[in-house]
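Dear colleague,

I am handing over the structure below, together with an account of what was found in it. Please read the account with the coordinates open beside you.

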Amino acid sequence: MKKYDTYMDKVHHWGTVWNLSMMVILLAFPVVVGVLFGAAPDLHGLVMGLVATAPMYWAVGVIETITYIPMLGAGGSYLSFVTGNISNLKLPCALNAMEQAGVKAGSDEGEVVSTIAIAVSSIVTTLIIILGVILIVPLSPILNAPVLEPAFAQILPALFGGLGVVFVSRNWKIAIAPVSLMLVLFIAVPALNAGTVGIMVPVSVLFTLGVSRILYKKGWL
Amino acid sequence: MTFNVNHPILFGLVAVIIAAVLGQSVFFLVKAWKRGREIGMDPVKLRRITVTAAVFTIAPAVAIVISVITLAKDLGVALPWLRLSVVGSLSYETIAAANAESAMGLTFGQVSALTASQYVTIASVMTLSIMVGIWLVPVLAKRMQKGMVSLEKRDKKWAEIFQSAMFIGMIAAFVGYVFCDVSTIFHGSAAGLIPVCVMAVSALVMCLSGVLVKVVKARWISDYALPVSLIIGMASAVPITAWLG
């Protein structure tokens with residue numbers, strides 16, 4: 001147990017150093033571009049652009065961080081919040097890996113499996129994007145071909161169909177209420193769509209936790 | 001130095017940042033692998049996890065490449081390459097870029113040549129607006145982890161249900177999203193059923209994989225069941241869209 005604590009402490013230490021360093025590097029990009037090309041940002045554009053964008057994404061960022069950390073594990077969280085595409089790639093990848101390995105999230109093995117899956121996914125994604133950038137001229141007409149457009153437009157339904165059937169079938173008692181609520185909300189409220197699904201994840205998670213707690217207290221789980 | 005959105009210097013800067021991102025991923029991969037061996041995990045199992053994660057990632061990663069191409073029309077290749085390799089997504093980057101362009105009197109999708117000042121402004125808005133998670137994880141992760149450990153000590157069964165409930169909650173939101181356009185059938189269009197049908201195909205493939213694992217007793221099938229259901233689901237979208245779209 002002592003050794004595990006030591007490893008987790010190290011993960012938090014490494015993660016803090018990496019993430020704060022990455023934050024500085026990312027913030028430096030526009031500054032360095034400005035210095036090299038002798039250009040200052042358009043202050044009006046910067047302020048207005050931030051006012052229109054930042055408040056919502058900062059709020060979503062806080063909620064997402066709190067929601068995803070327990071699911072991703074420590075190492076997976078530090079990596080995922082740098083490399084992005086969490087709900088549509090990193091989290092499903094980690095979930096699938098833990099499921100296949102037969103380990104539980106939050107356990108020693110779960111932490112290892114989740115971190116490996118997310119790291120590999122990040123590396124593969126980065127390499128494929130590099131390849132795409134190098135081959136952008138010949139690839140553009142192929143990837144933008146009208147025949148392929150529907151396939152890439154439906155990536156989330158294709159992903160959550162497979163993933164959903166595994167988790168919902170194993171936890172159907174927990175799943176009934178949140179799936180029903182989300183179906184009603186997404187069908188009845190026109191404002192809920194691809195752009196707002198990220199905001200609905202924490203709502204759904206909180207609702208599911210509440211329902212699960214009631215079911216657990218009643219001895220139905 | 002004359003600025004253009006595809007200036008080689010921009011590619012050089014982005015390449016350095018991407019190398020750092022790759023460095024972090026490799027670092028955590030090596031540390032987790034060593035930890036896995038230390039606690040007695042089978043290396044074959046660890047290799048299988050690696051291969052499955054890599055295969056699973058290919059299709060979504062290609063979709064990200066398409067996002068780079070989409071954003072490149074306005075912003076050149078270097079900035080979308082950077083933004084979509086780090087935290088963010090097509091929807092976020094598009095909104096952030098469109099808001100910044102709009103604040104400077106430009107229209108997203110109709111920009112022919114950005115000045116260096118406009119480019120720096122857009123890059124700043126895209127970067128600053130999505131920074132929360134990167135610094136908040138170091139602030140919260142340790143405390144939240146301790147909270148989960150203490151929850152497990154108090155009530156192990158509830159801790160397990162808590163984890164499952166979080167996963168189910170996330171999945172439920174995306175299942176709901178798949179149905180968000182079904183009401184179009186009341187307006188004479190069946191297009192809203194396309195994602196529902198695609199999800200059904202993917203779920204069916206997953207179920208068939210489960211049956212196949214039991215019938216032929218081949219454990220490896222389940223390793224690739226999710227990537228296969230993802231690819232077949234995506235492929236099914238082509239005829240389904242032709243039929244319903």
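This is a predicted model: local features need pLDDT of at least 70, side-chain atom pairs count only at pLDDT 80 or more; totals for chains, interfaces and linings use all residues.

Chain A has ten helices and zero strands, so that, read from the N terminus on, its elements run α-α-α-α-α-α-α-α-α-α. Along its principal axes, the C-alpha trace of chain A spans about 65 × 50 × 40 Å, and 52% of the 221 residues of this chain count as buried. When the contacts in chain A between residues at least 6 apart in sequence are considered, 62% of them join residues at least 24 apart.

The buried residues of H9(A) are A:Ile174, A:Ala175, A:Pro178, A:Val179, A:Met182 and A:Phe186. These buried residues pack against helix H8 (155–170) and helix H10 (197–217) of chain A, and also against helix H7 (156–178) of chain B.

Turning to the contact between the two chains, 134 residues from chain A and 132 residues from chain B take part in it. On the side of chain A that touches chain B, the residues divide into 90 nonpolar, 39 polar and five charged.

Helix H4 (residues 86–101) of chain A packs with helix H2 (residues 43–75) of chain B at an angle of about 150°, their axes being 10 Å apart, and H4(A) passes H2(B) in a right-handed crossing. On the H4(A) side the contacting residues include A:Leu89, A:Cys93 and A:Ala97, while on the H2(B) side B:Ile49, B:Phe56 and B:Pro60 are among them. By class, the contact of H4(A) with H2(B) has eight nonpolar, five polar and one charged residues.

Finally, chain B is divided into domain 1 (8–130) and domain 2 (179–244), and the C-alpha centres of these two domains of chain B lie 28 Å apart. Five residues of domain 1 of chain B are in contact with seven residues of domain 2 of chain B. The residues on the domain 1 side of this contact in chain B divide into three nonpolar, one polar and one charged.

With kind regards

Terms used:
Residues are numbered from 1 along each chain as its sequence is written. Chains are lettered from A and ligands numbered from 1 in the order in which they are written. Axes are lines fitted to C-alpha atoms, for helices over the stretch in contact, and angles run from 0 to 180 degrees between N-to-C directions. Helices (H or I, at least four residues) and strands (E, at least two) are DSSP runs, numbered from the N terminus. A crossing is left-handed if the near helix is turned anticlockwise from the far one by less than a right angle, and right-handed if clockwise. Ala, Val, Leu, Ile, Met, Phe, Trp, Tyr, Cys and Pro count as nonpolar, Asp, Glu, Lys and Arg as charged, and the others, Gly among them, as polar. A residue is buried if 20 or more other C-beta atoms lie within 10 Å of its own, exposed if 12 or fewer, and partly exposed in between; C-beta atoms are placed from the backbone. Domain bounds come from an automatic or database domain assignment.
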